[in-house]
Structures are given as C-alpha cells and as structure tokens.
Amino acid sequence: MTSTLSPWSAPRLSTRWWPVFLRNLLVWRKLAIPSLVGNIAEPLMWLVAFGYGMGALVGQVNIGTPQGSVAVPYILFLASGSICMSAMNAATFEALYSAFSRMHVQKTWDGIMNAPVSLDDVVLAEMLWAGFKALFSVTAILGVMLALGISHSPKLLLAWPVLLGVGITFSCIALVFNALAKGYDFFTYYFTLFLTPMMFLSGVFFPREQLPELVRWFSYALPLTHAVELVRPLFMDQWPTDAWVHGGVLLAYTVGGFWLALALTRKRFAK
C-alpha cells in the first residue's frame with residue numbers, strides 16, 4: 001500500500017485494528033497451550049535455578065527504599081525483576097518473529113490490506129497483540145509465584161496493568177527492528193546487543209547500586225529499569241517512588257517506538 005503522505009506523518013488510526021487483532025487471536029488459540037508452556041518455562045527455570053539455588057547462598061538482598069535500606073529474600077527480589085523480563089521477552093518474540101512471518105514470509109499483511117484496513121491499523125493491531133501475549137504469559141507466571149508463596153501483596157493487582165504497559169512498550173521497540181529486518185537472522189543483533197545487556201543492567205538479578213556510577217546512570221535510561229522500579233515495590237507491598245517518572249519514560253519509549261516503527265514500516269511497504 002502506497003501513500004502520498006510522508007512516512008513520518010501522524011498515525012492514522014481507526015477501530016479497524018480490532019479485526020486484525022481478532023484474527024491473530026483466533027489463529028493463536030489453536031496453539032495456546034504449547035505457546036503458554038514455551039513462554040513460561042524459561043522464566044520459571046530462571047526463578048527455580050537462581051531464586052532457590054543462588055538464593056540459598058545469597059539469603060537476603062538489601063535494597064534502598066524511602067524508609068531506608070530493606071533486606072528482602074533473594075527469591076522475592078528475583079521474582080519481581082524476572083516477571084518484567086518475561087513481559088519484555090514475550091512481547092519481543094511476538095513482535096519480531098511472529099510479526100515478521102505475517103508481514104514478510106506469509107504476506108498476511110498484504111492480504112489484510114486488500115480489505116479496507118490501513119497499514120497503520122495493522123501495525124497498531126500487531127503492537128496490541130504482542131502486548132496481550134505478554135500479559136497472558138505474565139498472568140500465568142504470577143499465578144505460579146502466588147502458588148509458591150513468593151508474595152501475597154494485594155498491590156500485585158496493580159502490577160497486572162503495569163506489565164501490560166511493559167509488554168506494549170517492548171512490542172513497539174521490537175516492531176522497529178521488524179520493519180528493518182531482511183530475515184530472521186537480523187534479530188540476533190537485537191537480542192545480543194540490546195536485550196541481553198539490558199537484562200543484566202536493569203536490576204533484575206542484582207541491585208543496580210552495585211554497578212559503577214557511570215554504568216548505573218546508563219542503566220537508568222533503559223526501559224526495563226523503569227519497569228522493574230514500578231513492579232518490585234508492589235511485590236514488597238509498597239508503593240513505587242517516582243512512579244510518574246518511571247511511567248513517563250515507558251510512555252516515551254512507547255510513543256517514540258510506535259511512531260518510528262510505523263514510519264519505517266510505511267517506507268518498507270512503499271518500495
């Protein structure tokens with residue numbers, strides 16, 4: 001689909017994204033159980049191996065709060081960070097590999113746009129669909145964490161919409177690379193150079209206070225850091241400090257990522 005408008009023009013969105021979202025849901029429903037197992041197996045292995053294994057050696061971790069330093073069990077510290085990482089990974093895989101298959105390999109997007117559905121609506125549907133997949137995965141993981149008794153904070157109810165937002169944020173970023181990719185191998189650069197370092201710098205496995213000051217300042221610019229800063233206090237039955245700052249950073253990544261992804265996708269389809 002070509003357009004005389006600039007690729008960088010404002011998104012032209014409508015409710016026609018919903019049939020595209022519904023189409024993805026109906027297709028995925030046939031593979032829901034294998035998909036769920038695949039999405040929750042890895043984070044649960046991280047949780048068991050590091051939470052219980054290393055947790056037995058580490059014991060408790062001291063983290064800073066407005067009330068001062070607080071010691072929390074390592075498994076609680078890890079669980080609150082790894083569930084943000086799970087939302088990131090689930091949304092990223094869907095917005096990269098699955099979206100690329102529909103866009104480039106299967107040509108599903110081309111077929112959809114033969115109907116009165118714009119490219120902007122297709123990209124919006126893919127973004128929201130990846131966010132939903134992330135929410136589905138973290139809901140299952142939260143259920144397992146509750147069953148294990150890692151946290152019973154009633155504030156975890158607020159973690160649910162926050163994690164949906166985290167999934168949407170990372171789906172927008174992933175769609176940028178989806179628009180640039182020529183093949184599946186291109187995604188290796190994204191995982192190796194961006195996602196993997198971010199997992200170790202954002203306070204998922206150890207407090208960021210242990211990092212050198214320069215690295216700590218750099219890590220504060222990463223979206224996963226702000227997701228962890230919002231979710232971890234909820235696991236501890238506390239309210240996050242500077243929530244508007246963390247939420248604002250995630251919102252900026254979401255809006256900027258979606259706009260960039262849409263512009264690059266428009267350029268790709270205009271060729």
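This is a predicted model: local features need pLDDT of at least 70, side-chain atom pairs count only at pLDDT 80 or more; totals for chains, interfaces and linings use all residues.
**Entry 1: aromatic pairs**

I began with the rings, and the search returned 25 aromatic pairs in the structure. The pair I picked out was F93 with F191, whose ring centres are 5.1 Å apart. Their planes make 45 degrees, so I logged the pair as tilted, since that class lies between stacked (under 30 degrees) and edge-to-face (over 60).

Where do F93 and F191 sit in the chain? I found F93 in helix α3 (residues 74-105) and F191 in helix α7 (residues 187-201), so this is a link between distant parts of the chain, 98 residues apart.

F93 is partly exposed, at a relative accessible area of 40%, whereas F191 is buried, at 16%. The cut-off matters here: F191 gets its label because buried means under 20%.

**Entry 2: the α3 and α7 packing**

Two packed helices are described by the angle between their axes and the distance between the axes. For α3 and α7 I noted an angle of about 175 degrees and axes 12 Å apart. That makes the two helices roughly antiparallel, because angles over 145 degrees count that way.

Which residues make the contact? From α3 I listed M85, M88, N89, T92, F93, L96, Y97 and F100. From α7 the list is F187, Y190, F191, L195, M198 and M199.

**Entry 3: charges over rings**

I also looked for charged ends sitting over rings. K155 has its charged end over the ring of W239, 4.8 Å from the ring centre. R232 does likewise over the ring of F77, at 3.7 Å from the centre.

**Entry 4: salt bridges**

Side chains of opposite charge can pair when their charged atoms come close. My search of the whole structure gave six salt bridges.

I started with R12 and D120, whose closest N and O atoms are 4.0 Å apart. R12 lies in the segment before α1, while D120 lies in helix α5 (residues 119-147), and the two are 108 residues apart. R12 is partly exposed, at 40% relative accessible area; D120 is buried, at 2%.

D120 came up again with R266, at 2.4 Å from N to O. Because R266 is in helix α10 (residues 243-270) and D120 is in α5, this bridge ties together parts 146 residues apart in sequence. R266 is buried as well, with a relative accessible area of 9%.

My next stop was K133 with E94, a salt bridge of 2.8 Å from N to O. It ties α5, where K133 lies, to α3, where E94 lies, across 39 residues of sequence. Is K133 buried or exposed? K133 is buried, at 6% relative accessible area, and E94 is also buried, at 6%.

My last look was at how the bridges join up. K133 and E94 are part of a salt-bridge network that also includes R102 and E126.

Terms used. Residues are numbered from 1 along each chain as its sequence is written. Side-chain values use heavy atoms; hydrogens and water are left out. Rings of Phe, Tyr and Trp (its six-membered ring) pair if their centres lie within 6.5 Å; planes under 30 degrees apart count as stacked, over 60 as edge-to-face and the rest as tilted. Helices (H or I, at least four residues) and strands (E, at least two) are DSSP runs, numbered from the N terminus. Buried means under 20% relative accessible area, exposed over 50%, partly exposed in between (1.4 Å probe, protein chains only). A charge sits over a ring if NZ of Lys or CZ of Arg is within 6 Å of the ring centre and within 35 degrees of the ring normal. A salt bridge is a side-chain nitrogen of Lys or Arg within 4 Å of a carboxyl oxygen of Asp or Glu. Axes are lines fitted to C-alpha atoms, for helices over the stretch in contact, and angles run from 0 to 180 degrees between N-to-C directions. Angles under 35 degrees count as roughly parallel, over 145 as roughly antiparallel, 65 to 115 as roughly perpendicular and the rest as oblique. Contact means heavy atoms within 4.5 Å.
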